[in-house]
Amino acid sequence: MLTLPPSVRVYVAAEPTDLRKSFDGLSVLVAQCFGADPLCGHLFVFRNRRGDQVRVLFWDRTGYVIVAKKLARGRFHLARDLPKGATHIEVEAAELSLMLEGIDLSQAVRRKRWRPGVRNFDASKQRLMDARGIDIQRAT
């Protein structure tokens, strides 16, 4: 299991990529296909046409890092279907870990998870509210 901080995002390319590209070639693909800055520290995942190889590109504050994996048998599968016209999708670190293990999650059922609401401060009423507009009591 990969342990990544919550600030690091994982993006997977929707289309197969020529994995003969190295650091500079993959960083250009990040800028063109993902529309992202390759120096941002996020992980960018690329698969080959056969689906048996994966490369992960990221910047670690001192230079680019490429992590490569080739399965002896089987294929790398995305955890979910791609939307029409998508150039990439964002996945969680756990999904990337399972994908790198060669596990096909296409039949897996994703359960709803609780996520904390966004807290808003209503300046006109001098009170703190959650995303639903319910008052949040301040600790005194």
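Of the 140 residues in the chain, 31% are buried, where buried means under 20% relative accessible area, exposed means over 50%, and partly exposed lies in between (1.4 Å probe, protein chains only). The model is predicted, so local features need pLDDT of at least 70 and side-chain atom pairs count only at pLDDT 80 or more, while totals for chains, interfaces and linings use all residues. Residues are numbered from 1 along each chain as its sequence is written, and side-chain values use heavy atoms, with hydrogens and water left out.

**The chain as a whole**

- The chain contains two helices and eight strands; helices (H or I, at least four residues) and strands (E, at least two) are DSSP runs, numbered from the N terminus.
- Along the sequence, these elements follow the pattern β-α-β-β-β-β-α-β-β-β.
- Among contacts with a separation of 6 or more, 47% join residues 24 or more positions apart, a contact being heavy atoms within 4.5 Å.
- The accessible surface comes to about 10,000 Å², and 51% of this surface belongs to carbon and sulfur atoms; such areas come from the Shrake-Rupley method with a 1.4 Å probe, and for residues only the protein chains shown count as cover.

**Helix H1**

- Helix H1 spans residues 23-34, which is 12 residues, and reaches 16 Å from its first C-alpha to its last, close to the 16 Å expected at 1.5 Å a residue; the expected span is 1.5 Å times one less than the number of residues.
- The buried residues of H1 are Leu26, Ser27, Leu29, Val30 and Phe34.
- Seen down the axis of H1, these buried residues fall within an arc of 155°, so they line one face of the helix; the arc is that of the directions from the helix axis to the C-beta atoms.
- Asp24 and Gln32, on the other side of H1, are exposed.
- The cover over the buried residues of H1 includes strands E1 (10-13), E2 (43-47), E3 (53-59), E4 (64-70) and E5 (88-91).
- Glycine 35 follows H1 and has a positive phi, near 65°.

**Two residues compared**

- Valine 30 lies in helix H1 and counts as buried because its relative accessibility is 0%.
- Beyond its neighbours within four places in sequence, valine 30 is in contact with Gly35, Ala36, Asp37, Pro38, Phe44, Phe46 and Leu57.
- Lysine 70 lies in strand E4 and counts as exposed because its relative accessibility is 57%.
- Beyond its neighbours within four places in sequence, lysine 70 is in contact with Asp52 and Gln53.
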